[in-house]
Amino acid sequence: MALTDIFLKTRKSLMWSVMRIVRDPQAAEDVTQETYMRAQKVIEARPIEHIEGLLYQTARNLALDHQRRKKVRDKYEAGDIAKEDIEKIALDAPSAEDGLMERQRQALYEEALRDLPIRARTAWALSQLEGWTYARIAGHLGVSRNTVYNDIKLVMGHCRDALARIEQG
């Protein structure tokens with residue numbers, strides 16, 4: 001007898017077996033359908049002598065898996081949270097106020113950078129943004145490595161001071 005015939009003959013009994021475990025008619029229907037699909041894959045892979053036994057064992061295992069997953073979901077999902085409480089949960093995105101403050105900080109920081117000599121800003125940008133070595137920057141700018149070091153140190157100190165002023169208000 002083919003799988004489909006046996007499944008159709010035992011479907012109601014399978015569903016009641018699953019229903020005793022999951023205690024939810026919709027879940028029992030879903031598990032019963034999944035049982036058929038799983039059994040079909042097994043039969044395609046190798047011959048099965050007792051198809052009815054395969055169906056009942058698969059249904060039981062799937063029902064138990066369903067219950068385990070449900071237990072975990074119930075533990076971590078709170079279904080009784082009021083809509084008002086959900087709306088009070090903070091978003092991961094920054095607020096409009098935080099965004100405005102960050103843009104103001106960025107503008108003040110850029111203004112502080114503009115006060116520095118162009119060579120120092122260039123050396124800093126090539127080092128920090130482009131990842132160039134001091135030797136490569138020195139060759140590019142036509143200065144010594146020590147000058148590059150001092151320029152970058154100047155920018156870093158100036159930026160640190162500017163950020164401290166920004167933080168103080």
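The model is predicted, so local features need pLDDT of at least 70 and side-chain atom pairs count only at pLDDT 80 or more, while totals for chains, interfaces and linings use all residues. Residues are numbered from 1 along each chain as its sequence is written, and side-chain values use heavy atoms, with hydrogens and water left out.

**Helix packing**

- Helix α1 (residues 3-22) and helix α2 (residues 25-45) pack at an angle of about 135°, with their axes 9 Å apart; helices here are DSSP runs (H or I, at least four residues) numbered from the N terminus, and axes are lines fitted to C-alpha atoms over the stretch in contact, with angles from 0 to 180 degrees between N-to-C directions.
- The contact (heavy atoms within 4.5 Å) includes Phe 7, Arg 11 and Leu 14 of α1 and Glu 29, Tyr 36 and Ile 43 of α2.
- Helix α7 (residues 134-141) and helix α8 (residues 145-168) pack at an angle of about 100°, with their axes 8 Å apart.

**Salt bridges**

- The whole structure holds five salt bridges, each defined as a side-chain nitrogen of Lys or Arg within 4 Å of a carboxyl oxygen of Asp or Glu.
- Arg 11 forms one with Glu 29, the closest N and O atoms being 2.5 Å apart; Arg 11 lies in α1 and Glu 29 in α2, so the pair ties together parts that are 18 residues apart in sequence.
- Arg 38 pairs with Glu 34 in another salt bridge, with the closest N and O atoms 2.9 Å apart, and both residues lie in α2, four residues apart, about one turn of the helix.

Technical notes
Helices (H or I, at least four residues) and strands (E, at least two) are DSSP runs, numbered from the N terminus.
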